[in-house]
Amino acid sequence: MLAFRSWRTFRAARGLYPAARLTTNAREHVPTESAPPTHESETHFGFETVKESEKWKKVHKVFEEVAASYDLMNDAMSLGIHRVWKDIFLERLAPVGNGNRLLDMAGGTGDISFRYMKYLQRLPAANRTPSHVTVCDINQNMLDVGQKRWEKLNLPASGDTIDWVCADAEKLPFENDSFTVYTIAFGIRNCTHIDRVLSEAYRVLKPGGRFMCLEFSHVTNESLQWLYDQYSFQVIPPMGQILANQWQPYQYLVESIRKFPLQDDFKTMIENAGFKCVEYENLTFGVVAIHSGFKI
């Protein structure tokens, strides 16, 4: 019944109803609480309206609850297609193995970083400058899962390094011009101020650096949209209850997708942050989209 009520809320909003070296201890830079302003702005948490100071706490709680079952649920919800999306994402990045510094924001369980590290392993070792990966996430529970997965991978040492940092994407603890690549996969829609995240991405990238975002987006076919909505609201939350004993976090996840900007609107936001040559590519009819831009 909860899913059905939220489904009607969503439909009403649309007007369809009447009104290899491991740093074992991650560095931590989490948001600090401060006295809220007298007239605090509001934002969305899924379909719920909340104060801006409350959103990051609610999102943090969601991912604390789902961290242990995150990978299982990704496979179940997407029927494994999320792996294909991430493979395509890395292919579009087309990384080269000459001393890159990759910041994998909202990298949590390491899916993007590990793909990149495996890619580096396949490159000829001769005359290659080692690369470094920083996996960054606001949630330490997600980083803990990622570190355990990294240890199990046991990739051969090749000079490439990886570290783990717990920090807020809206206020990164890195110097200006620190990274050659910034990736964020299925994370930016959970941030309170997307514009600040993009501004920080621009700041920490070196001139010539590339911003890459993989995120759930908006289906472009109306018939498929109806099917996708039915699956999202009527199947995914119950699946979360069955497989992970968690309903509300997955209810939030499907609602948060609907609140994310349209592809062209997000492209404009990236351009407004200063990035050039911004473009996007829809995957699976717009279920997800890859956005790319350069700091020039």
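The model is predicted, so local features need pLDDT of at least 70 and side-chain atom pairs count only at pLDDT 80 or more, while totals for chains, interfaces and linings use all residues. Residues are numbered from 1 along each chain as its sequence is written, and side-chain values use heavy atoms, with hydrogens and water left out.

**Strand β5**
- Strands (E, at least two residues) and helices (H or I, at least four) are DSSP runs numbered from the N terminus.
- Six of the six residues of β5 (residues 132-137) are buried, so the strand is largely enclosed by the rest of the structure; buried means under 20% relative accessible area with a 1.4 Å probe, protein chains only.
- His132, Thr134 and Cys136 are buried on one side of β5, and Val133, Val135 and Asp137 on the other.

**Pairing of β5**
- Strand β4 (residues 101-105) runs parallel to β5 and is joined to it by five bridges; two strands pair if DSSP finds at least two bridges between them.
- Asp104 has Val135 as its bridge partner in β5.
- Between β4 and β5 the chain passes through helix α5 (residues 111-121), in a right-handed β-α-β crossover: with the strands pointing away from the viewer, the path from the first strand over the helix to the second runs clockwise.
- Six bridges pair β5 with strand β6 (residues 161-167) in the parallel sense, and Val133 has Ile162 as its bridge partner in β6.

**Leu172**
- Leu172 sits in the loop between β6 and β7 (179-185) and is buried, at 7% relative accessible area.
- Leaving aside neighbours within four places in sequence, the contacts of Leu172 include Leu103, Met105 and Cys136; contact means heavy atoms within 4.5 Å.

Conventions
Buried < 20%, exposed > 50% of the residue type's maximum accessible area, 1.4 Å probe, protein only.
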